[in-house]
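Morning, everyone. Let me put the structure up, and then I'll walk through it.

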Amino acid sequence: MPIKKTALLLSLVLAVGLFFAFDLGQNLNLQTLKSHQQSIETFRAANPGAAALVYFVAYVLVTALSLPGATLLTLAGGAVFGLWWGLLIISFASTIGATLAFLIARYLLRDWVAARFGERLKAIDEGIAREGAFYLFTLRLVPLFPFFLINLLLGLTAMKARTFYWVSQIGMLAGTVVYVNAGTQLGKIESLAGIVSPALLGSFVLLGIFPLVARKVVERIRANKVYAGWKRPRRFDRNLVVIGAGSAGLVTAYIAAAVRARVTLVEKHRMGGDCLNTGCVPSKALIRSARLLSHMARSTEFGIASARADFDFAEVMERVQAVIRTIEPHDSAARYTALGVDVVEGSAKIVSPWEVEIARRDGDRQRLTTRAIVIAAGARPFVPPIPGIEAVGYLTSDTVWDLRELPRRLLVLGGGPIGCELAQAFARFGAQVTLVEMAPRLLVREDEDVSAIVEQRFATEGIRLLTAHRAKQFVIENGEKTLIAEHQGGEAHIGFDTVLVAVGRAANLTGYGLEELGIPAGKTVETNEFLQTRFPNIYAAGDVAGPYQFTHTAAHQAWYAAVNALFDPFKKLKADYAVIPAATFVDPEVARVGLNEQEARAQGIAFETSTYRIDDLDRAIADGEAHGFVKVLTIPGKDRILGVTIVGEHAADLIAEFVLAMKHGIGLNKVLGTIHIYPTLAEANKYAAGVWKKAHAPERLLRWVGRFHAWRRG
Ligand SMILES: Cc1cc2nc3c(=O)[nH]c(=O)nc-3n(C[C@H](O)[C@H](O)[C@H](O)COP(=O)(O)OP(=O)(O)OC[C@H]3O[C@@H](n4cnc5c(N)ncnc54)[C@H](O)[C@@H]3O)c2cc1C
C-alpha cells in the first residue's frame, strides 16, 4: 500500500481507537444529553458562533470517521439550536461528513476492491451509472439503512462525489427535519426508537420509491412515444413472429411453442440457417475428413510404416452435404410444425411495430398482426471493398461448399477462427495454402502463447503464413491472379488460383423493415439488455444482434428474447453474458471461457495464472497428442476462476468442466477434489487445479507438519 494511504489508514485507526479507548461513546446517549442540556444551552447563549462551529466540526468528524452517535448529535442540534438553525447546520455537516467518509473509503479501498472483484464491480458500476442517484435517494430517505454503511459502500463504487453529495443532502432532508424537530422536544423523548413511528416510516418508504416509480412511468411514456403514428391492432393473429430460422430463430420459436404461444417462424432461404448449411456443421464435417488425412500423414509416429489415402475431393464435399442432410431433420419445417410452430417459407418484412408481411415462396403474400416480433436474421460473410476483388472472383463461407475440385493454390484472407479452420483443412487435403492476416498474429483475440502454438503447427503443416500483411489490391499479373499486400512499408505480390475471403461476418440489416421503422442499427441491430430494439415489442437475437457470433450464444439470447417477448411486462430478464465459452476448431483445438490474460490486463483486473502443460499428460502421450496447455486465471490468492484457455486435443470438450465451474461459482479446490477417470485428457483440468494448489500450499503449516513427523520418528 502506498505510504500516503498507509498514513491515512493509521491516522483513522488511531482516531477511532482513541474514541473507543476514552469511551467517548458513553456520553452519546439520551440520558447524558438530557442531563447536560441546560449547561450546553447556557454555553450556546453566551457563545452562539463558537457553539455552532464546535458542534459543526464535531458532527463532521463523527460522520466522516463513521463513529456511532450521529442520531444523538442530531437530537442535540435540535435541542440546542432549534429547528431551523439546527436543520441548516446539520444538513451541511452530515452531508459533508458523509461525503468525507465516502471519499476516504474510495481512496483507501476502491483499487483493492476493483482488483479483486473487477468483473462484479463493473456490473455494479454500470448499475450505479444508470440508476445510482435514484437508489441513493431512496436509501437516504428511508432511515432504515445505516447511514455510515451507505457512505462507505458507495465510496467503493464509481458514483461521482458530486452526485453523492447533492443526492445525500436532498435525500436526508426529510429525515433530518424529523430528528431535529424531535430534538427540540428533547424532554419528552424517552427512547430513540420512539422518534420514527411506523406511519412516518411508511411515508418515507413511499417518498423513497417515488423517484423510481416516476422513472418507470417516464420510461413507459417514452416507450409509448416511439409508437406514435402507428396504429396498434385491437387483436393479434400471433403472440410472436420470428424472422429467420437459424440457431436464434429456431430456439425462439421452440420456446414460444413450448409455452403454448401462437408463433410463426419465417425463413426465406434454408431452415437451420448458417450453422447447419454453411457454418458449423459443414466446416466440422470437412475438418473431420482433413483430420483423418493428417493422421495418415503422421502414420510413422504411430508405428505404421506407411499409410496411403486415395481420395476424391468431390466425394469429401459430398460427405459434407450428406452430414448436413442427416442433421437437417433436427431443424426441419416438419419437426417445428409438429412442435406447434407455424413455419412459413418466405421473406418477412416488418411493416409496422405489430405487423409482418410475408412474401411466401409459393407466391402468396400474407400479413400477420402480432404482439411481438423477434428478429433473428443472422449475418453473412463480409467482403471488403478491395480493388479488383470482383474481377478475380472469390469464395466465402457461403460458397466454398459448392467446390468439388480442390484449389491448387488457395489464398485465405483472414486469420480469425473461420479463416484458420478452413486454411488448415484445405492444406491437409493437399492445397498449397497461403494465409494472409493484417494483424501481427493469428487469432488475435487469444493470448500470444495460443497464437504461437497454432502458428507453429500451421507452419509445420506447410501453410504459408503472412501475418502483418494488409490486402491492398487484386490484380492479374502475367496471367496469374495476384494479391498485392502491404507489408512493413513495402509490397508483397502473392499469386493464387482461388481466394477464400474470411475477414468477418456482417449482420443482415437491410430489406426487412429496419430502415422504414427507424430501428437503429450500426454494425448490428441495437438492443438494450433485454434484447429490445427501439420498439419494446420488437426484439433481436443471434448474429444480427451480436456481440457474439456463435450458435450457442444465438440460442442463449433466443431464450431471453422469447421469454421477454412473450411475458413482458410481467417478467423481463436481462441477457446474461457472464460465462461465454467459445472454440476454434483448428488442430490443436483452442477453447476458452471467461477472461484470458490480454483481456484481464486491458480491463485492469488482477489475476494469477496456473498453467498445466499437456505434454506431460499420460493419455495425451499415449494418443500421440502431447501438446498444448490448460491455463487458468484466478483471483489472486483465491481459487475463484476468472477464465480458462485450453489448447490441445478436444479442448472444446474439455472446457465444459470449467464452464460449469464458472457458471456455478465452483473454485479450483473443488475441481481438484473431483475424481477424473484415468487415463483421460480431462485429467489435464484437474492437474491445472493442482498447479494452483501447489502454488498456494500452506508452507508454514507444512513446516510444522514436517516437525511433527520428525518428532514421531523419534
Ligand atoms: C464457416 C463457419 C463456421 C462456424 N462454426 C461455428 C462453430 O463451430 N460454433 C459456433 O458456435 N458457431 C459457428 N459459426 C457461427 C454460427 O454459424 C452463427 O453464429 C449462427 O449460425 C448464428 O445463428 P443466427 O440464428 O443468428 O443466424 P443465421 O444462422 O444466419 O440465421 C438467420 C436466418 O435468417 C434468415 N433470414 C434473414 N432475413 C430474413 C427475412 N427477411 N425473412 C425470412 N428469413 C430471413 C436467413 O435466411 C437465415 O437462415 C460458424 C459460422 C461459419 C460461417
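First, a convention: helices (H or I, at least four residues) and strands (E, at least two) are DSSP runs, numbered from the N terminus. This is a predicted model, where local features need pLDDT of at least 70, side-chain atom pairs count only at pLDDT 80 or more, and totals for chains, interfaces and linings use all residues. Residues are numbered from 1 along each chain as its sequence is written, and side-chain values use heavy atoms, with hydrogens and water left out.

Start inside helix α17, with asparagine 564. Buried or exposed? Asparagine 564 counts as buried, because its relative accessibility is 0%. The cut-offs: buried is under 20% relative accessible area, exposed is over 50%, and partly exposed is in between, with a 1.4 Å probe and protein chains only. What does the side chain of asparagine 564 reach? The backbone nitrogen of leucine 573, at 2.7 Å. That is a polar contact: a pair of N or O atoms within 3.5 Å; within protein, one must be able to donate a hydrogen and the other to accept it, and residues adjacent in sequence count only if both atoms are side-chain atoms.

Next, the ligand. The shell around the ligand has 38 residues, and Ala248, Glu267, Lys284, Asp543 and Thr551 come nearest. Near here means that one heavy atom of the residue lies within 4 Å of the molecule. By class, that shell holds 15 nonpolar, 16 polar and 7 charged residues. For the classes, Ala, Val, Leu, Ile, Met, Phe, Trp, Tyr, Cys and Pro are nonpolar, Asp, Glu, Lys and Arg are charged, and the others, Gly among them, are polar.

Now the backbone around it. A polar backbone atom of alanine 248 sits 2.8 Å from a ligand oxygen. For cysteine 275, a backbone N or O atom is 3.3 Å from an oxygen of the ligand. Glutamine 549 also places a backbone N or O atom 3.3 Å from a ligand oxygen. How much of the ligand does the protein cover? On its own, the ligand has 990 Å² of accessible area, and the protein covers 93% of it. Those areas use the Shrake-Rupley method with a 1.4 Å probe; for residues, only the protein chains shown count as cover. Two or more shell residues come from each of α8 (247–258), β2 (263–267), α9 (273–277), α10 (280–297), β3 (342–352) and α17 (551–567).

On to the second largest pocket. Its lining has 40 residues, with Arg220, Ala223, Gln532, Pro536 and Lys572 nearest the centre. Which element gives the most to that lining? That is α7, with 11 residues. A pocket, on a 1 Å grid over the protein atoms alone, is an open set of points where a 1.4 Å probe fits, with protein on both sides within 12 Å along at least five of seven lines; lining residues have an atom within 4 Å of a point. The lining divides into 18 nonpolar, 8 polar and 14 charged residues.

Last, the backbone details. Aspartate 568 and proline 569 are joined by a cis peptide bond, omega about 10°. Proline 569 is in the loop between α17 and β16 (581–584). Another cis bond joins aspartate 587 and proline 588, with omega about 0°. Asparagine 478 has a positive phi, near 50°, and counts as exposed because its relative accessibility is 83%.
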